[in-house]
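Please keep the sequence and the 3D view open while reading.

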Amino acid sequence: MSQDKIQVSKVVGPVNIKSQLDRVTQIVKNAAAMPDDKRNQLAGLIDELQEALKTAAEKRPEDSERIARTAELVATEVAKEKPDKGFLNITVEGLKQAAKAVEDIAPTVLSVAGKVASFVAGLGV
């Protein structure tokens, strides 16, 4: 056992958002209730979202973190054996609204949020 002490504090912005979206990708990849092709497609959209958020994460970390948290809610619900359609509708709408907050500096985020919404709608949950 190491005697090293590592302390990390005040981690905000891009590092935190990347970590959060990495967690979302893992949730999706481990979603046994979804067919492989759908898991891969959603994981790809989350990767797109992460890439699109890079600029926004530096300039507006709070808005970007809100987008990442909402994406996590969407992914967690979609990954369930029996997702709640009403809750999914609310969280997908929340993702789109959160993305609008950074549209002026990262317009791609809103586009990707729309793709996620279309994907979820296509699942027929």
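## Helix H5

In this predicted model, helix H5 has 16 residues and reaches 23 Å from its first C-alpha to its last, which is close to the 22 Å expected at 1.5 Å a residue. Its buried residues are Val109, Val112, Ala113, Val116, Ala117, Phe119 and Val120. Seen down the axis of H5, these buried residues fall within an arc of 160°, so they line one face of the helix. An α-helix has 3.6 residues a turn, so residues three or four places apart point the same way.

The buried residues of H5 pack against H2, H3 and H4, whereas the face turned away from that buried side carries the exposed residues Ser118, Ala121 and Gly122. After H5 comes glycine 124, whose phi is positive, near 70°.

## Helix H4

Helix H4 covers residues 85-100, and its 16 residues should span 22 Å at 1.5 Å a residue; the end C-alpha atoms are 23 Å apart, which agrees. The buried residues of H4 are Leu88, Thr91, Val92, Leu95, Ala98 and Ala99. They cover an arc of only 120° around the axis, which puts them on the same side of H4. What covers these buried residues includes helix H3 (61-78) and helix H5 (107-122).

At the start of H4, a side-chain oxygen of aspartate 84 reaches to within 3.0 Å of the backbone nitrogen of glycine 86. As for confidence, H4 has the highest mean pLDDT among the elements of the chain, at 95, while H1 has the lowest, at 87.

## The nonpolar core

The largest nonpolar core has 36 residues, of which Leu21, Leu49, Leu53, Ile67, Val109 and Val120 touch the most other members. Helix H1 (14-29), helix H2 (36-59), H3, H4 and H5 each supply at least two residues of this core, and the largest share, 9 residues, comes from H2.

Valine 109, one of the buried residues of H5, shows how these parts come together. Leaving aside its neighbours within four places in sequence, valine 109 is in contact with Leu49, Ala52, Leu53, Ile67, Ala99 and Val102.

## Valine 102 and arginine 60

Two loop residues deserve a look together. Valine 102 is found in the loop between H4 and H5, and arginine 60 in the loop between H2 and H3. Valine 102 is buried, with a relative accessible area of 0%, whereas arginine 60, at 25% relative accessibility, counts as partly exposed. With neighbours up to four places away in sequence left out, the contacts of valine 102 are Ala56, Arg60, Asp63, Ile67, Pro107 and Val109. Valine 102 also lies 9.4 Å from threonine 55, C-alpha to C-alpha, although the two are 47 residues apart in sequence.

Arginine 60, for its part, touches Ala101, Val102, Asp104 and Ile105, again not counting residues up to four places away in sequence. Which side chain does arginine 60 join through a polar contact of 2.7 Å? The partner is the side chain of aspartate 104.

## Threonine 25 in helix H1

Threonine 25 lies in helix H1 and, at 7% relative accessibility, counts as buried. Not counting residues up to four places away in sequence, threonine 25 touches Ala43, Ile46 and Asp47, and these contacts may be followed in the 3D view.

## The chain as a whole

The secondary structure of the chain comes to 5 helices and 0 strands, and, read along the sequence, the pattern is α-α-α-α-α. Buried residues make up 38% of the 125 residues in the chain. Among contacts between residues at least 6 apart in sequence, 68% join residues at least 24 apart.

The mean pLDDT of the chain is 88, and 88% of its residues reach 70 or more.

Notes. Residues numbered from 1 in each chain as written. Predicted model: local features only at pLDDT ≥ 70, side-chain atom pairs only at ≥ 80, totals over all residues. Heavy atoms only, no water. Helix = DSSP H or I, 4+ residues; strand = E, 2+ residues; numbered from the N terminus. Expected span 1.5 Å × (residues − 1). Buried < 20%, exposed > 50% of the residue type's maximum accessible area, 1.4 Å probe, protein only. Arc of directions from axis to C-beta. Contact = heavy atoms within 4.5 Å. Polar contact = N/O pair within 3.5 Å; in protein donor to acceptor, adjacent residues only side chain to side chain. Core = buried A, V, L, I, M, F, W, Y, C linked by side-chain atoms within 4.5 Å. pLDDT = per-residue confidence, 0-100.
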